[in-house]
Amino acid sequence: MIENVDLSLVDWSRAQFALTAIYHWFFVPLTLGLSFLIAFMETIYVRTGDERWKRLTRFWMTLFGINFAIGVATGIILEFEFGTNWSNYSWFVGDIFGAPLAIEGILAFFIESTFIAVMFFGWGKVGKKFHLLSTWLVAIGASLSALWILVANAWMENPVGMIFNPETARNEMVSFWAVLFNEVAVGKFIHTISSGFVLASMFVIGVSSWFLIKKREEFLATRSILIAAIFGLLASVTLIYTGDTSARTLAKVQPMKFAAFEALYDGKDNAGLVAIGVLKNSGEKIDEKEVSDFVFKFEIPGFLSVMTGGSRDTFVPGIRDLVSGNSERGIMSVAEKIERGKYAGAVLAEYKKAREQNDHAKVEELKMKFMDTVFRDEYFRYFGYSFLKSPSDAIPSVPVAFYSFHIMVMLGFFFVLVFALSLFFLFRGTLIGNRWFLWVALFSIPLPYIAGELGWVVAEMGRQPWIIQDLMPVSAAVSNIKAGSVIVTFILFAVLFTALLVAEISIMVRQIKKGPKH
Amino acid sequence: MTMIVTHFFLQGYWWIIISLLAGLLVFLMFVQGGQSMLFSLPADDMQKTMIVNALGRKWEFTFTTLVTFGGAFFASFPLFYASSFGGAYWVWMAILFSFVIQAVAYEYRSKPANVLGQKTYDIFLLINGSLGPFLIGVAVATFFTGSQFSLNNLNQVQWQTQWHGLEALLNIRNLSLGLAVLFLVRVNGLLYIINSIDDETILKRSRKRLTLNSILFLVFFLFFVITLLVSQGFASDPETGFVSLVKFKYLKNLVQMPLVLILFLLGVVSVLYGIAATIFSGSRKGIWFTGSGTVLAVFSLFLAAGFNNTAFYPSTYDLQSSLTIRNASSSHFTLKTMMYVSFFIPFVIAYIWYSWKSISKRKITEDEMRSEGHKY
């Protein structure tokens, strides 16, 4: 069915989706975090009646508005690209995957877009309390939107709550709660929205620091820093905590991704966690894939085992164990999974043939097979492997996963430091004169953007070759279109998004320089 | 809560919701309709500002409805999502482009240092306003005229033309619905502007344009409806699912489903009444009639496309690949889960209504534009 799949089509389809997702993620985290910061600020205004707080709230709200529209614009493309570029995926798992997207629209996005109108245009037209409520609802709506999208994404990492129906040739949902409370989803949601909170807090602190450097807007800047630093500190600590728990879940449900971002080739007990390292090409290969090696590394002994299993004795499988199998540790080889996947595929083909020949007895017999838990859990779950050409196809790019992950983690710790220092200097009363720190804060604005994008690189590229872990590789998921068509739309999107990004930054900078106008 | 509902009931239930969302979407595209006249309707910059701001306070509703329409279609009829979007690639991509440029245009057009300049953003609004409704109309017309695709035994779509959807533009019936939708949203746009802006010149200029746009709408709409009623349609056998061409299928659908016929006629009459009241008796409330008539007319057309054993997304290349609400839907479990979710829809509509009212109590005036803190 997909024997003749055009590899450049797969690559361009991935490139287009990645492009859209990367641009989307330039804007969404600020929306997620800034909406809450604005809600805190407006709450203080409503409680105190102090007009200076209103002025401050409206200043950040203007920046919020500039950012919001472009996040929405890139979001709609992502939703529709599942259909336009990944149509086989959309059918194969649409029964499960479509639901969270629809719920996002009905239950979350409408809250956001309705109350955003009140938030912007309701000043003086609606009561103070209703306005405040609207601001809060925008923040809550934005996070709810994120919840449903991340539930959908988590399902791609860890597909649960469904069974395969051979008649329709798709997976069908059997438990909504399993999908919603997927262990990956819970961690992913908290981790991701926290990253948005951190980004927005850093943004507010950075911009406020610029005002202080310029000796302008002292009230606005110091109050904004106070709120953002408290929020940011709490969020960054949560970020690190959920990062740690996510890693544990990952080691269980996506051991290959986990091994790749630690560049761990040979599994071991008492495995150390690489804090800093540089990779080189070792010259060795697993099939056709290059094996990376460390030029140097600084390791925390035993910590990787402790992180994954709670004790130093925990065995952490490496890439070689996962590819070639390790019978001692009960790890199945990819070759074996490919065989099992092919067997499941053959049973499906047999079913389709029996259907065409109207062989009812055979159809019923094979249908029972798909209901059989042994067949499902031991064979069909490896269905995706039947598309792999060689076992090494199951290995993602190790350098990409390794560097993305480690830079992200280092930045995470740096954010905690910046927020803690902001509070420290603020309470000591030395922040305004502390020019070096203000400059550091200003130049830290891009860092959470980098960390957030890298987080998605780890999640998505680290999952390769899968679009749905173990069940479907990207090569089987693409639409049946010409690579040339995708190249054209890719270029159009790239030009358009870049132009809009440049415009956005330019408008944002000008608005910041102008300062609050009320 | 346990409810015994049949699969067929749920499929029908979701088709009704999809049809309703389609109706609301076409109505809310009055925003696009207004945008399509951005360079001709206002006499000066202040008028343009007032029009853009009147429309701009509503653009997010249209946009969100489009996103929800897409999401709901995906969740309830995933085979349509996979087949149409993945097959008619270029039509959907063009629609998407036109909406991407809209989202930023409002927020950026009047901001200093916006790089591309106000004129570019206004052109974005014009493109979205004209191309968006037209292409959506063309795409929806293929629900009645069919497309050239086939599905393999794993339900994967193969589009059978090189044009990936653009071939729909060669069909005169598709074009007529595209143009009918475009002129309908322009009529709704004018009626909305008449209703929400207090400015003599704008009122006068809007009324002047209303007549011509209404006539053009009627011409294309009647052409589409008449050809629809006399054309063959795609019938699906309720027992076997076998799809065949049946003469006067859509006419039969309306006759055999009198409620749908009544809704359709009510919709059309309401659309016309809103227009007539505005032209002949100077009413400023025409939008409420024409708007709700739009919802009813589109709603009932969608019902006629999918109910009464009709293939709602027919394939002219291979009739048996045609999509019906039976073969294209989600599983029983998913449809049921989504039905529970849909119970929130009235609540959503209620808060939208309340918020909309609360910020639109006063009409838009020049004075407000001069003092508004958040202006597009």
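1. Confidence. For the complex, the predictor gives an ipTM of 0.91 and a pTM of 0.93. Where pLDDT is low, the predicted coordinates should not be read in detail. This is a predicted model, in which local features need pLDDT of at least 70 and side-chain atom pairs count only at pLDDT 80 or more, while totals for chains, interfaces and linings use all residues. Residues are numbered from 1 along each chain as its sequence is written, and chains are lettered from A, with ligands numbered from 1, in the order in which they are written.

2. Chain A overall. Chain A contains 18 helices and 6 strands; helices (H or I, at least four residues) and strands (E, at least two) are DSSP runs, numbered from the N terminus. Along the principal axes, the C-alpha atoms of chain A fill a box of roughly 80 × 50 × 40 Å. Of the 518 residues, 52% count as buried. A residue is buried if 20 or more other C-beta atoms lie within 10 Å of its own, exposed if 12 or fewer, and partly exposed in between, with C-beta atoms placed from the backbone.

3. Chain B overall. Chain B has 15 helices and 6 strands. Its radius of gyration is 21 Å, close to the 21 Å from the globule rule for 376 residues, so chain B is as compact as a globular protein of that length. The box filled by its C-alpha atoms is roughly 65 × 50 × 45 Å along the principal axes. Buried residues are 57% of the 376 in chain B.

4. Interface. In chain A, 65 residues are in contact (C-beta atoms, placed from the backbone, within 7 Å) with 63 residues of chain B. On the chain A side, helix H2 (51-84), helix H3 (87-121), strand E2 (170-173) and helix H18 (483-514) each supply at least two residues. H3(A) gives the most, with 25 residues. This side of chain A divides into 38 nonpolar, 19 polar and 8 charged residues. Here Ala, Val, Leu, Ile, Met, Phe, Trp, Tyr, Cys and Pro count as nonpolar, Asp, Glu, Lys and Arg as charged, and the others, Gly among them, as polar.

5. Nonpolar core. The largest nonpolar core has 293 residues, and those with the most contacts inside it are Leu37(A), Trp60(A), Leu96(B) and Ala180(B). Such a core is a set of buried Ala, Val, Leu, Ile, Met, Phe, Trp, Tyr and Cys residues joined through C-beta atoms within 7 Å. H3(A) contributes the largest share of this core, 23 residues. Leaving out residues up to four places away in sequence, Leu96(B) touches Ile76(A), Ile77(A) and Phe80(A).

6. Helix H6 (residues 89-109) of chain B has 20 of its 21 residues buried, so H6(B) is largely enclosed by the rest of the structure. In chain A, the 16 residues of helix H16 (residues 446-461) should span 22 Å, and the end C-alpha atoms are 22 Å apart, which agrees; the expected span is 1.5 Å times one less than the number of residues. The buried residues of H16(A), including Trp456(A), pack against helix H1 (7-48), helix H6 (183-213), helix H8 (255-261) and helix H14 (398-428) of chain A.

7. Asn85(A). Asn85(A) sits in the loop between H2 and H3 of chain A and is buried, with 28 other C-beta atoms within 10 Å. Val478(A) is 393 residues away from Asn85(A) in sequence, yet the two are 5.8 Å apart in space, C-alpha to C-alpha. Beyond neighbours within four places in sequence, the contacts of Asn85(A) include Ser13(A), Gln16(A) and Phe17(A).

8. Backbone points to check. Most residues other than glycine have a negative phi, and most peptide bonds are trans. Gln464(A) and Pro465(A) are joined by a cis peptide bond, with omega about 10°; Pro465(A) lies in the loop between H16 and strand E5 (466-468) of chain A. Ala169(A), not a glycine, has a positive phi of about 60° and is partly exposed, with 18 other C-beta atoms within 10 Å. Asn270(A) has a positive phi near 50° and lies in the loop between H8 and strand E3 (273-286) of chain A.

Note on methods: Contact = placed C-beta atoms within 7 Å. Rg over C-alpha atoms; globule rule 2.2 N^0.38 Å.
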